[in-house]
Amino acid sequence: GAVVSQHPSRVICKSGTSVKIECRSLDFQATTMFWYRQFPKQSLMLMATSNEGSKATYEQGVEKDKFLINHASLTLSTLTVTSAHPEDSSFYICSAIERGYNEQFFGPGTRLTVL
Amino acid sequence: DAKTTQPPSMDCAEGRAANLPCNHSTISGNEYVYWYRQIHSQGPQYIIHGLKNNETNEMASLIITEDRKSSTLILPHATLRDTAVYYCIVRSRQAGGYQKVTFGIGTKLQVIP
């Protein structure tokens with residue numbers, strides 16, 4: 001089956017630093033990737049939709065200058081949390097849609113803790 | 001995506017069938033019903049999907065009512081590892097296009113020994 005990986009799985013950083021999270025489709029080409037955020041005991045919240053070679057589309061209320069998304073290839077999308085603050089601590093999950101299909105596969109998530 | 005409603009929590013005895021309901025009364029004709037689950041601190045896992053016929057795979061069965069306004073996910077013999085939050089989602093399925101998946105609160109299933 002289609003596999004989506006994320007790296008790192010867990011990261012702890014100091015307030016004010018930037019953190020980059022990678023999302024890769026391992027055995028398929030993903031024309032579209034999605035980034036979600038999940039706070040404790042809450043559901044997944046869609047942050048942005050990322051298409052290969054074009055700018056990401058952000059959901060209402062998500063700051064595009066704070067959450068930089070780059071979908072540079074058909075197998076890689078990155079989310080950079082710039083100038084991270086404790087309130088950005090969350091579980092970040094990516095998902096990918098295989099080229100030519102509409103099935104969505106999810107990564108294992110990245111736990112970000114900002115001190 | 002059409003709105004879905006699910007009970008926030010359910011308990012099920014280990015070894016018994018777990019029946020998780022979902023209402024999707026505003027579903028349109030080209031929208032499928034998808035079920036995902038999320039085990040604590042992991043990404044969502046696909047379980048099953050269907051359009052109007054009942055479906056079965058190695059994980060579960062999906063029963064969709066004739067009017068398609070509701071469905072039930074059945075885990076035939078629940079195990080402790082099935083403890084998770086289960087999400088019911090409706091979305092269209094078009095090759096070459098996409099529709100973003102938005103999640104509701106889901107049903108937290110607790111399998112009890």
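A polar contact is a pair of N or O atoms within 3.5 Å; within protein, one must be able to donate a hydrogen and the other to accept it, and residues adjacent in sequence count only if both atoms are side-chain atoms. Keep in mind that this is a predicted model, where local features need pLDDT of at least 70 and side-chain atom pairs count only at pLDDT 80 or more, while totals for chains, interfaces and linings use all residues. Residues are numbered from 1 along each chain as its sequence is written, chains are lettered from A and ligands numbered from 1 in the order in which they are written, and side-chain values use heavy atoms, with hydrogens and water left out.

**Stop one: where the chains meet**

Select chain A and chain B together. How many residue pairs are in polar contact across their interface? The rule finds four, with both residues at pLDDT 80 or more. In chain A, now pick out β4 (30-38), β5 (45-51), β9 (90-98) and β10 (104-106): each supplies at least two residues of the side that touches chain B. These strands are DSSP runs (E, at least two residues), numbered from the N terminus. β4(A) gives the most to that side, with four residues.

Contact here means heavy atoms within 4.5 Å, and it takes in 22 residues from chain A and 23 residues from chain B. The area buried between the two chains is about 1,700 Å²; that's the accessible area (1.4 Å probe) the two parts lose on being put together, summed over both. Carbon and sulfur atoms give 48% of it.

**Stop two: the disulfide in chain A**

Select Cys23(A) and Cys94(A). They form a disulfide, with sulfur atoms 2.0 Å apart (the cut-off is within 2.5 Å). Cys23(A) sits in strand β3 (residues 19-25) and Cys94(A) in strand β9, so the pair ties together parts of chain A that are 71 residues apart in sequence. Both are buried, meaning under 20% relative accessible area (1.4 Å probe, protein chains only).

**Stop three: the disulfide in chain B**

Hop over to Cys22(B) and Cys88(B), another disulfide, with sulfur atoms 2.1 Å apart. The torsion about the S-S bond is about -80°, so this one is left-handed. It links strand β2 (residues 18-23) with strand β8 (residues 84-92) of chain B.

Notes:
Buried < 20%, exposed > 50% of the residue type's maximum accessible area, 1.4 Å probe, protein only.
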